[in-house]
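Hello,

Please find the structure we discussed below. My notes on it follow.

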Amino acid sequence: MNRKTVLAIILLFGSSCTLSMRHSARKSLTDPLLPFSFLTSVTHVDIAGNTPRHVIAVDLNHDGLPDLVGADSGGATTRIRLAVGDGTFVAMPNVNVGGANWLVAVADLNGDSHPDLTAISDVTDGVAVALGAGDGTFAASTVYPTGSDPGDIALTDLNGDSRPDIIVLNRDIAATAIPDTVSVLINSGTGTFAAQVPYTISNAPVSMQVADFDGDSITDIVVNAGNTDIDFLKGVGNGTFAAKVTSTSVIFTGGHMVSLDIDGDGDRDIVTVHSFSDFIGYSLNNGNGTFANHVQIVTSYADATSLFTGDFNFDGRADLGIVRGVASNDQLDFFAGQTTAPYFVFDRTYSLGTDQTTEVSANTDIDGDGFVDVIGVSLNTDDALILYSSQ
C-alpha cells in the first residue's frame, strides 16, 4: 500500500547547507529503510544563545504542537520557542537555570498537568528545576546540588508515587572526586526534591540509561564507564538502588549509549558508538542486568558524535541513526534493524553540510503524522533548520 510519510530533521545550525541523499531502490520492509527524499522547503528557527548543546520537542502550552526547549552550554539560560502551527516558532522568555547547561528534560513534576523543566549544569554542579505555568513560561528555577560535572539526566517515577524523580550521571571530568557517582533526587510530590543520594559507579562514566533491565518491572540504572565497564544498579522500587554490579568487556563499551531489545528476548540490551575507538557495538543483556561481551557491528567508523533510535521503516524493529563529523562534512547514517546478528545493517547516508559539527540528541513525532522525527544540535551556530521530506 502506498502511503505518504513525512520525516522532519531538526538540526541546529545557522548557515544554509545542501542535503544530498543516497539510497537504493525500494525493498522489503523487513530489510532496509523505506526510501524518502527531502523537499526544497527549509524553515529556520532562531534558538539564539551561545553554543546550544541539546534540544527537545515537547508541547509546553497544551495546544497539541511540539515546542522547542534548548540547552545553552555558553550561557545561564534555557531557551524556549513555541510552535505557531505554520512551521514557525516564537521566542518566549528564557529560563535562568544558574549556569551553562548541557542537557534538559521536561515532565510534570508537581501533578498540575503542566510540563516542568529541568536542566543540568557543570557550572553549578547541580540540576535546576523550573515549574511550568502551562503557557510556555516558567517560574524561577531552584538548583539542587548533584555530583561534579553532571553529564546525563533522566526523569522517572522511582518509588511508585506517580511523580517523576531525578537521576543524574556525574562525570567528574577533572577526576577530583573519585569515585564517580549517580545522584538520585526523590520528588516530594510538589515538584521540590530531597537532597541527592549518591551511588558509586565505575570511574570515567560516559552515558546512562534508566529502565527495567532485569525483568522485575522496577526501574534500574545502567552506566557505561571506563571504556570497558557496564554498571548495573538494581532498583529496589522505593527510590533506592543496590550497589553496582559491573560487567567488564574485553573491548571498549564507552561512548554514546542507547538501550533497546535488539535480539527479541524481551530484555533491554545496549548499543554504543565509540568516537575514539572508531566502531559501533552492542552488548546483550543476560536477563539479570549483567551483559555479555561487547560485539562490534562496524569497525573503522570514525568521528561518531551521537546515536539515536527509532522505527524508521515501520517494521516494528528499532533502527539506528548516527551523526558523524567526517572530513569536515557531517553526515547522518542510518542502520536498519534486523532479527539476527549483527542486528543492524548499514542502509544509507545523508550529507549534513560542511563543518557544522552537528549532534543529534533526540527523536520524536514533530509534525503529528505518527512517524518518528529527528532533532539535533550544532555546536557552531544558533538556528534550527527544519527539513521536511515525503515518500
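Four strands, in the order β9-β10-β11-β12, form an open sheet with antiparallel pairing; strands are DSSP runs of E of at least two residues, numbered from the N terminus, and two of them pair if DSSP finds at least two bridges between them. β9 (101-107) and β12 stand at the edges with a single partner strand each, so one side of each has no neighbour in the sheet. From one strand to the next, the twist averages 25 degrees (axes are lines fitted to C-alpha atoms, and angles run from 0 to 180 degrees between N-to-C directions).

This is a predicted model: local features need pLDDT of at least 70, side-chain atom pairs count only at pLDDT 80 or more, and totals for chains, interfaces and linings use all residues. Residues are numbered from 1 along each chain as its sequence is written, and side-chain values use heavy atoms, with hydrogens and water left out.

Within the sheet, β10 (residues 116-121) and β11 (residues 126-130) run antiparallel and are joined by 5 bridges. Ser121 is opposite Gly126 in β11.

Gly126 is also among the residues that Thr146 touches, as are Asp125, Val127 and Gln196 (contact means heavy atoms within 4.5 Å; residues up to four places away in sequence are not counted). Thr146 lies in the loop between β12 (142-145) and β13 (150-156). Its relative accessible area is 8%, so Thr146 is buried (under 20% relative accessible area, 1.4 Å probe, protein chains only).

For the protein chain overall, there are 31 strands and 0 helices. Of its 391 residues, 52% are buried.

Regards

Key. Buried means under 20% relative accessible area, exposed over 50%, partly exposed in between (1.4 Å probe, protein chains only).
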